[in-house]
Amino acid sequence: MIQQVMTAPKKIEFREVPVPEIKADQVLVKIMKIGICGSDIHVYHGTHPFTSYPVTQGHEVSAKVVKLGSEVQGLEVGQKVTIEPQVYCGECYPCRHGKYNLCEKLKVMGFQTTGTASEYFAVDASKVTPIPESMTYSEGTMLEPLAVTVHAAKRFPEIKGAKVAILGCGPIGILLAQSCKALGADKVMITDVSDYRLELAKKCGVDFAVNTKEKDFGEALTECLGEDKADVIYDCAGNDITMGQAIKYARKGSTIILVAVFGKMATVDLAVLNDHELDLNTTMMYRHEDYVDAIRLVNEGKIQLKPLMSKEYAFKDYLEAYQYIDDNKETTMKVLIDVDSSEENI
Ligand SMILES: [Zn+2]
Ligand SMILES: [Zn+2]
């Protein structure tokens, strides 16, 4: 079979390797589609702090089961599935307390361990989650980023009825806006400096989309959400400007949740954070229950994934996909790789 390997930044090779053997508790899947996300792009540029080369990428994935290990139960050959890409030890404190997304030895497929960008992939059955037959393989790849945002939404336990502000209108910002609404948020406002992205957010049902190049974030908060402003502010951009806005304008005693990964050391006003007794919270990936909720919310029609799919490339054109993303930064949301272009593969 063919396997993608990024041998160095901006260099992709395809290797002919044997189809992997499976262990008793594993399944063999045929990879259908893969989504490219911001972290993959960091690997492409050589700026991902926790990835070395060569690496086979791919962690946002949809697949079809082709073979079951002898001990595997609850899965069937032919079933549409997605794969949860976290490899964890099961023994450390977070793992023993159900928080394996925070495993002290966490490895993520496509970064610190082999990703799914190959025609077939052998994986522990425990990491395989069936997706409904009605869901397309393209939608299936987006369950991973959606699980990120479902987890982020649930990191604010009072999300039901909440007034929410989200800074940053990329795929994660827009999926988070939808996740908050789907989990019962009252009103969601999103900000960005790109009108293109803000329009897309509106199409996906966000209540207010504000361009902070034209309007002050503080003013927008009261205009859109009222005098009491937001109950929770999510930073999905992850820079000093957005975190600065959040800290400066958050209602006293409210919550800020950092979703994005800061590219460098932050310079923010912790004196105000302190003086306003703000809860600064964070969120890290997801757990199985977030996938289950993500699948349910898509199935209930509460989340729109299609508007976020920008373009699709054939497996052999993996490199072109990255070049397209680099050349179309503002207008690109999710780019998909069609690993298996044959058959009923939709
Ligand atoms: Zn990702
Ligand atoms: Zn662990």
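Which residue forms a salt bridge with Lys264, and how far apart are the closest N and O atoms? Asp240 is the partner, at 3.2 Å.

The model shown is predicted: local features need pLDDT of at least 70, side-chain atom pairs count only at pLDDT 80 or more, and totals for chains, interfaces and linings use all residues. Residues are numbered from 1 along each chain as its sequence is written, chains are lettered from A and ligands numbered from 1 in the order in which they are written, and side-chain values use heavy atoms, with hydrogens and water left out.

**View 1. The Lys264 and Asp240 salt bridge.** A salt bridge here is a side-chain nitrogen of Lys or Arg within 4 Å of a carboxyl oxygen of Asp or Glu. Lys264 and Asp240 form such a pair. Lys264 sits in the loop between strand 14 (255-258) and helix 9 (270-275), and Asp240 in helix 8 (residues 240-249), so the contact ties together parts that are 24 residues apart in sequence. Helices (H or I, at least four residues) and strands (E, at least two) are DSSP runs, numbered from the N terminus. Lys264 is exposed, at 57% relative accessible area. Asp240 is partly exposed, at 23%. Buried means under 20% relative accessible area, exposed over 50%, and partly exposed in between (1.4 Å probe, protein chains only).

**View 2. The zinc ion (ligand 1) and its protein donors.** Cys37 (SG), His59 (NE2) and Glu60 (OE) lie 2.1 to 2.4 Å from the zinc ion. Donors are N, O and S atoms within 2.8 Å of the metal (3.2 Å for Na, K and Ca); water is not among the atoms, so sites may look incomplete. Along the chain the donors follow the spacing C-x21-H-E. Cys37 lies in the loop between strand 3 (26-36) and helix 1 (38-45), and Glu60 in strand 4 (residues 60-68), so this pair ties together parts that are 23 residues apart in sequence. Cys37 is buried, at 14% relative accessibility. Glu60 is buried too, at 1%.

**View 3. The Glu289 and Arg287 salt bridge.** The two side chains meet at 3.2 Å, N to O. Glu289 is partly exposed, at 40% relative accessibility. Arg287 is buried, at 15%.

**View 4. A network of salt bridges.** Lys154, Asp290, Asp293, Arg296, Glu300 and Lys302 are linked. Within this network, Glu300 meets Arg296 at 3.6 Å, N to O. Glu300 is partly exposed, at 41% relative accessibility. Arg296 is also partly exposed, at 35%. The structure holds 17 salt bridges.
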